[in-house]
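Here is a friendly walk through one protein model. Have a look at the sequence and the fold first, then read on.

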Amino acid sequence: MNDAARQRGFYRSVWRWHFYAGLLVMPFLLVLALTGAVYLFHDEIEDALHAPLRFAPQRSADLPLSRLLDAACAAYPGEVTRIDLPADPRRTAQVFVTPARGEPLRVFVDPGSARVHGAFVYTRTLVGFADTMHGSLWLGRFGDALVETAACWALLLVATGAYLWWPRGRGWRAALWPDWRARGRGFWRSLHASVGAWTAALIVFLVLTGLPWAGVWGELLRAGLQPLGLGYPAEHRHHVAAAPRVGQAVGDAPWTLRDAPLPASHAHHGAHHGADHGAGRGAAADIGIDAAVRTLAAHGLRADYRLSLPQGADGVYTAVVYPDRPQGQRTVHVDRYSGAVAGDTGFADYGLGAKAVELGVQLHMGRYFGRANQILMLLPCLGIVALSVSGAWMWWKRRPRGRLGAPPAPAPARLRTVAAIALACALAFPLLGASLLLVAALDRWVIARVPRWAAFLH
């Protein structure tokens, strides 16, 4: 086989994999792009749709948090798990209430008067629906795996698309701009190629900064950073291995600390201390949320943090400061019996790898540098929509009636080449490698051997 024939065969192979990748994951990527675009502007959307809940008259002082929790539970009975305190004096606090029956509620309470403005089920709002769809397609852990697989295949789409797009003798102008004079598939092909060229780098950035939150890749990344000293701080590692993790007890914990062991409150600390001074031997009592808030204030936390209440007898009060710029992140644990600070971790305490992930996450969500960041991250979302629509249209117009219309298969590739590519993908992205092997096996050993399926595919 001469070089030209070998190059044509490789081009056909890349085109075929680009077709498979688009066919399999473009519907998922379209969902991710649309829901991601909604979540980029989550504050603006919720302010517009739920203004009576989110805004309150400007106040000069706040009531004790216990008053806010009592008011929320009086209006919506249940167990309080968390309260989010606003930085803006014109906004309400959000109290997270889990009722005995029904779905968890977010109750909006005026911090200055304890007036309850109302409540909603987060997942029934536009932003909550988009948030859940974006993370798991409403399918739990299985959906999370689907999202991760689709995101990894997006990298394959970008790589194969870049190869197909490369000018190869035609001018760069033709490669970077649509041919507005073309008609039919020629126009859509030029539009598809130029949009991909301008948005490919941002799409790759979105995928790589989103994958740390994925179930398989994210867990492997956290596990890999820890032995190298690049993850959560070393002082957390002395806790008992079986201890609950911060991510299990705290809603919306920073990525870095999700797997960090949660400190424990010591129920008998106060009793033993008192016994040494002739006091009674009764078990220590919970200091209460107001005392916990005073402890946090003494350590510099006065507003704009999320306070999770203790879970279980040895639980702790945990305040999370999660600003738009990760350099201001801080997580403080307060012993529920003694009121002592049981842990205080800031961005400066993170390992280098964790810092990079946290920075990427904030950029991914469009939060790091304000409106410009939102618009920049909106561009790849719009690009994915345009690529999905144009790619689907080109496929629909070129497919033979009643058939799928996959690009023709080249001469059978050597098995070791396919295995080597799949192995390399598996090392970097396990779900991509596994799914790549599955698709290759189906294409080579199942579809190719069933004439009816082969005819439908081509």
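## A buried arginine in a loop

Let's start with R336, which sits in the loop between β7 (330–335) and β8 (341–346). The model is a predicted one, so local features need pLDDT of at least 70 and side-chain atom pairs count only at pLDDT 80 or more, while totals for chains, interfaces and linings use all residues. Residues are numbered from 1 along each chain as its sequence is written, and side-chain values use heavy atoms, with hydrogens and water left out.

Is R336 buried or exposed? R336 is buried, because its relative accessible area is 15% and buried means under 20% (exposed is over 50%, partly exposed is in between, all with a 1.4 Å probe and protein chains only). Its side chain makes a polar contact with the side chain of D286, at 2.8 Å. A polar contact is a pair of N or O atoms within 3.5 Å; within protein, one must be able to donate a hydrogen and the other to accept it, and residues adjacent in sequence count only if both atoms are side-chain atoms. Setting aside neighbours within four places in sequence, R336 is in contact (heavy atoms within 4.5 Å) with S265, A285, D286, I287, P310, G312, A313, G315 and Y317.

## The chain as a whole

Stepping back, the chain has 17 helices and 8 strands. It runs to 458 residues, and 45% of them count as buried. Take the contacts in the chain with a separation of 6 or more: residues 24 or more positions apart account for 62% of those.

## How α8 packs against two helices

Two packed helices are described by the angle between their axes and the distance between the axes. Axes are lines fitted to C-alpha atoms, for helices over the stretch in contact, and angles run from 0 to 180 degrees between N-to-C directions. Helix α6 (residues 140–165) and helix α8 (residues 185–210) pack at about 150 degrees, with axes 10 Å apart. That is why α6 and α8 are roughly antiparallel to each other: angles over 145 degrees count that way, those under 35 as roughly parallel, 65 to 115 as roughly perpendicular, and the rest as oblique. α6 passes α8 in a left-handed crossing, where left-handed means that the near helix is turned anticlockwise from the far one by less than a right angle, and right-handed means clockwise. On the α6 side, the contact is made by A151, A154, L155, V158 and W165, and on the α8 side by A193, A197, A200, I203, V204, V207 and L208. What kinds of residue are these? The contact of α6 with α8 has 12 nonpolar residues, no polar ones and no charged ones. Here Ala, Val, Leu, Ile, Met, Phe, Trp, Tyr, Cys and Pro count as nonpolar, Asp, Glu, Lys and Arg as charged, and the others, Gly among them, as polar.

α8 also packs with helix α14 (residues 370–398), at an angle of about 145 degrees and with axes 8 Å apart. The crossing of α8 and α14 is left-handed. The residues of this contact divide into 16 nonpolar, 6 polar and 4 charged.

## Two residues with positive phi

Now for the loop between α5 (126–136) and α6, where you'll find L137. L137 has a positive phi of about 60 degrees, although it isn't a glycine. As for accessibility, L137 counts as buried at 13%, whereas W138 counts as partly exposed at 41%.

## Helix α2

E46 belongs to helix α2 (residues 42–49) and is buried, with a relative accessible area of 7%. Not counting residues up to four places away in sequence, E46 touches A51, R54, F120, Y122, T125 and V127.

H42 lies in helix α2 too, and it counts as buried at 16% relative accessibility. The side chain of H42 makes a polar contact with the side chain of D43, at 3.3 Å. H42 and V127 are 85 residues apart along the chain, but their C-alpha atoms are separated by 5.9 Å.

Conventions. Helices (H or I, at least four residues) and strands (E, at least two) are DSSP runs, numbered from the N terminus.
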